[in-house]
Amino acid sequence: MAGRRKAEVNQKSCVACGACAKACPIGAVAVWKGIWAKVDEAKCVGCGRCEKACPASIIRMKEVGA
Amino acid sequence: MKKKKWYDYLWIVSAAYLILGCFNILFAWMGLLCFFIPLILAVAGGDKLYCNRYCGRGQLFDLLGNRLRLSRKKNIPGFLRSKWFRYGFLIFFFIMFFQMLFNTYLVFQGTNSLKEVVTLLWTFRLPWNWAYHGMAVSPWVAQFAFGFYSVMLTSTVLGLVTMMLFKPRSWCVYCPMGTMTQTICKAKYSCGSCMKKEEIQA
C-alpha cells in the first residue's frame, strides 16, 4: 500500500539531472525524455528522498487524500 | 538497496582525470569525452542519459556531499536555478570556451607562444609547467590541453563550492552541458506533432 504523501515535481524548473531518480529506492521517479522528472504516483511511497536529493529543490511532498 | 552497476563507479574516472592532469597535462584531452558523449546521447537518443546515469562529476559531488557529509544540504538560492542564470552561464561558458579555442589557434599559427599555465576561474593564472614535459607534441596540442584543463578545473571548483554550500549536486543546476542537453531535448520534442499533450501534462 502506497503512502499518503506523494512527490510532486515543479516541471517548469526541473533541470532533468536525474538526482531524484538515483535517490528513489523503488524506481518511481524517472527523467522523461531529458526534459523533466516524472513521478509514478502509483509507485511513490512518499519517502521524500527525491525531495532531499533534488539540487534545484523543485520536488515537494504533497499530501493526498486518505 | 539498488544493485550497483559499472557506471556507478564513473566518479573514479572523474577523480582520476583531475589527478592525471597534475602529472601530464595532455590527459586533459580526454575531457572532450565529457563534451561529446552527452551531446551525442542528447542528439541521437533524445534524453539526458549522460547526466542521469554516466556523469562521473555528478557522482563525485554526490559522494562527497552525501557519503562524506561535506554538504550543508541547503536549498539553492532562487537566482542560481533561474532560467536567465542557467542560460546566461551557458553563454558565458561558450564565450570562454571559444576564447580558449582562439588561444589554441594563435599558438597553432605561431602568433603566440605556448603558455604553461592553468587559468582558474577565468582569472587566476596558476603555473603548471611541471605537468608538461615538452617537445613530444606540437605546442598547440599542449595549449589546448592547458586551456581545457582550466575549463574542467574551474567548473570542478565551482561545483565543489556549491556542493558544500547547497545540495551535493548543485552544480547540475547550472552545468552548461546539462543546460545544453536539456535544451536539445526540449527542441527535439517541442515540434508539436512529436509531443503528445497528455504526456506533457501527466
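Lys33(A) has a relative accessible area of 27%, so this residue counts as partly exposed. In this predicted model, Lys33(A) sits in the loop between strand 2 (29-32) and strand 3 (36-39) of chain A. Its backbone deserves a look too: Lys33(A) is not a glycine, yet its phi is positive, at about 50 degrees. Most residues other than glycine have a negative phi.

Ser57(A) also has a positive phi of about 50 degrees without being a glycine. You will find Ser57(A) in the loop between helix 2 (49-53) and strand 4 (59-63) of chain A. Is Ser57(A) buried or exposed? With a relative accessible area of 3%, Ser57(A) is buried, because the limit for that class is under 20%.

A nonpolar surface patch consists of Phe27(B), Met30(B), Leu33(B) and Ile37(B), which together have about 340 Å² of accessible area. Ile37(B) is part of helix 2 (residues 32-45) of chain B and is partly exposed at 35% relative accessible area.

For chain B, an unreviewed UniProt entry lists residues 15-44, 84-108 and 140-161 under "transmembrane region". Here is how two of those spans look in the model:

| Span of chain B | Distance between end C-alpha atoms | Helix | Strand |
|---|---|---|---|
| residues 15-44 | 28 Å | 73% helix | 0% strand |
| residues 84-108 | 35 Å | 100% helix | 0% strand |

Key
Residues numbered from 1 in each chain as written. Chains lettered and ligands numbered in written order. Predicted model: local features only at pLDDT ≥ 70, side-chain atom pairs only at ≥ 80, totals over all residues. Heavy atoms only, no water. UniProt positions renumbered as here; feature names shortened; annotations may be inferred. Helix = DSSP H or I, 4+ residues; strand = E, 2+ residues; numbered from the N terminus. Patch = residues over 30% accessible without salt bridge, like charges linked within 9 Å, V, L, I, M, F, W, Y side chains within 5 Å. Areas by Shrake-Rupley, 256 points an atom, 1.4 Å probe, with all protein chains shown as cover. Salt bridge = Lys/Arg side-chain N within 4 Å of Asp/Glu carboxyl O. Buried < 20%, exposed > 50% of the residue type's maximum accessible area, 1.4 Å probe, protein only.
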